[in-house]
Amino acid sequence: MHYYENVLELIGKTPMVKLNKLVDDSMATVLVKLEQLNPGGSVKDRMAVHMVNKAIEDGKIKPGGTFVESTSGNTGLGVAMASAVLGYRTVFTIPDKMSKEKIDMLKAFGSEVLVTRTDLPHDHPESYVEIAKRIASELPNACYTDQYHNMNNPEAHYLTTGPEIWNDTDGKIDCLVGGIGTGGTISGTAKFLKEKAAEAGREVRVVCPDPVGSIYCDVFNKRDVREPGIYRVEGIGHDFMVGTLDFSVIDEVVEVSDRDSFLLARKLVREEGIFAGGSAGTALWGALKVAKELGPGKLVVCIIPDSGDRYVSKYFDDEWMRDMGYLGIEERIGSVSNLIDYKGRNIEFAEPDETITQVAGRMSEMGISQMPIKPDDSHGLMMVHEIDLLRALATGECNGDDKVIKAATPLNGTVSIDDSLTKVQRIFDNGEVAVLIEKGTPTGIIAKIDVVEFLAAKS
Ligand SMILES: Cc1ncc(COP(=O)(O)O)c(C=O)c1O
């Protein structure tokens, strides 16, 4: 028989998965650690159960008492799950910007949930933190788990997340990427990985993508801290500094917009089949940036904090995305990849040593007005248009027996598979056709009529 004593035993040992479509050969390998596979659906299960166990062990609560926490939802879900198993009650405060799904899920665990105003400073008596503290102090036999200052939070990741990543990468990780909410995940995990790497004479770089509007990026980079702004990504970023965040194990904090985060989270599920929340989009944006900088042969691990199922009414809802202004014309008309799925890749090359007469004959036969020159080491990416042939012959620069390469010009108007069709449109505006380049080689020609046919079929 194989079974677990209770659901809490399922926390941790989450798998890592390689990204195959969002990462190309010019980039480092990116492995995503799927924390949404924890039983409570997020990375916060690890610290929640550790905080609860430690509070019980340290006598901070007696059997049947109440755990109180201020949460963006996920910590609450972890504390609620642990409390359900261990026989405690729970009360949570949660700011009103958090998704309805998370609030409803907390209630499903039998928790009492107080929804508070998001726009209040953290020390305002009606903020989610202050209300939670007040409830815990007034309620008999209650314990405020205080994720922002409880050092069992980073410790949970030092004891579990860090070792899992080190073991599963055979110590070969070059860079860890993850967002900062309380900082517990990144601080504990990074501390462990940096210590292990130092023992092995290596280095692990730690990069934290932070939402525009959060103060962490400014504080880390020692810039003037701007007034905290409102941002819509949930679970990461903050408007005040917290005790559980250890900047000494972080090498870089980069800003990411809500729009980039949400669009990338949508792409992650559509292209890699990995259904994750908005903060996963933020983290992944940073991971892809690092993977481009590091290049092939290096290994980046990105922590995916939670599942997309708690945001279906938000980032995964087209209407919500449009209302918020995140889905513009670019997303509506689609990408080069969508067009190629529709029309396929077709390309006719001119051989560099073909003559102008031969190429002109082939163009006329096929009814096309340009051909890229087959790439080889002797020249860069070149194209020959019928207008180039006409000019070369009319000026007497070339005759029909000359090699076509003599009349060719450097190839302009290149696009990659991920580019939007708005880029293709700009290329048309410059009088060019668009040429799809993959792995450094032209693999498709996109003419105006292709886009017209594609959009007509789509409408
Ligand atoms: C969705 C989401 N992403 C990321 C995090 C960041 O984790 P940490 O608080 O450990 O920094 C959280 C934390 O609440 C979260 O809920």
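Predicted model: local features only at pLDDT ≥ 70, side-chain atom pairs only at ≥ 80, totals over all residues.
Residues are numbered from 1 along each chain as its sequence is written.

The domain assignment divides the protein into domain 1 (7-41 + 154-332), domain 2 (44-144) and domain 3 (336-458); such bounds come from an automatic or database domain assignment. The centres of domain 2 and domain 3, taken over C-alpha atoms, are separated by 61 Å.

An open sheet of 4 strands has the order E5-E4-E3-E6, with parallel pairing. Strands (E, at least two residues) and helices (H or I, at least four) are DSSP runs, numbered from the N terminus, and two strands are taken to pair if DSSP finds at least two bridges between them. Helix H3 (residues 100-108) lies across E4 and E5 and runs at about 155° to E5. Axes are lines fitted to C-alpha atoms, for helices over the stretch in contact, and angles between N-to-C directions run from 0 to 180 degrees.

An open sheet of 3 strands, ordered E11-E12-E13, shows antiparallel pairing. Its edges are strand E11 (370-372) and strand E13 (409-410), each with a single partner strand, so one side of each is left without a neighbour in the sheet. E11 and strand E12 (residues 382-385) are joined in the antiparallel sense over 3 bridges, with Met371 opposite Val384 in E12. Helix H15 (residues 386-394) packs on this sheet and touches E11, E12 and E13, its direction making about 75° with that of E12. Contact between two residues requires that their C-beta atoms, placed from the backbone, lie within 7 Å.

Angles under 35 degrees count as roughly parallel, over 145 as roughly antiparallel, 65 to 115 as roughly perpendicular and the rest as oblique. The axes of helix H1 (residues 44-57) and helix H2 (residues 74-86) come within 8 Å and cross at roughly 50°; the two helices are therefore oblique to each other. H1 passes H2 in a right-handed crossing, a crossing being right-handed if the near helix is turned clockwise from the far one by less than a right angle, and left-handed if anticlockwise. Residues making the contact include Ala48, Val49 and Val52 of H1 and Gly78, Val79 and Leu86 of H2. By class, this contact of H1 with H2 has 7 nonpolar, 4 polar and 2 charged residues, where Ala, Val, Leu, Ile, Met, Phe, Trp, Tyr, Cys and Pro count as nonpolar, Asp, Glu, Lys and Arg as charged, and the others, Gly among them, as polar.

Helix H6 (residues 161-168) packs against helix H7 (residues 184-199) at an angle of about 45°, with axes 8 Å apart, and H6 is therefore oblique to H7. The crossing of H6 and H7 is right-handed. Among the residues that meet are Pro163, Ile165 and Trp166 in H6 and Phe192, Leu193 and Lys196 in H7. The contact of H6 with H7 has 5 nonpolar, 5 polar and 1 charged residues.

For helix H9 (residues 258-272) and helix H10 (residues 278-294), the packing angle is about 95° and the axes are 7 Å apart; H9 and H10 are therefore roughly perpendicular to each other. Their contact includes Phe262, Leu264 and Leu268 of H9 and Leu284 and Trp285 of H10. The residues of the contact of H9 with H10 divide into 7 nonpolar, 4 polar and 1 charged.
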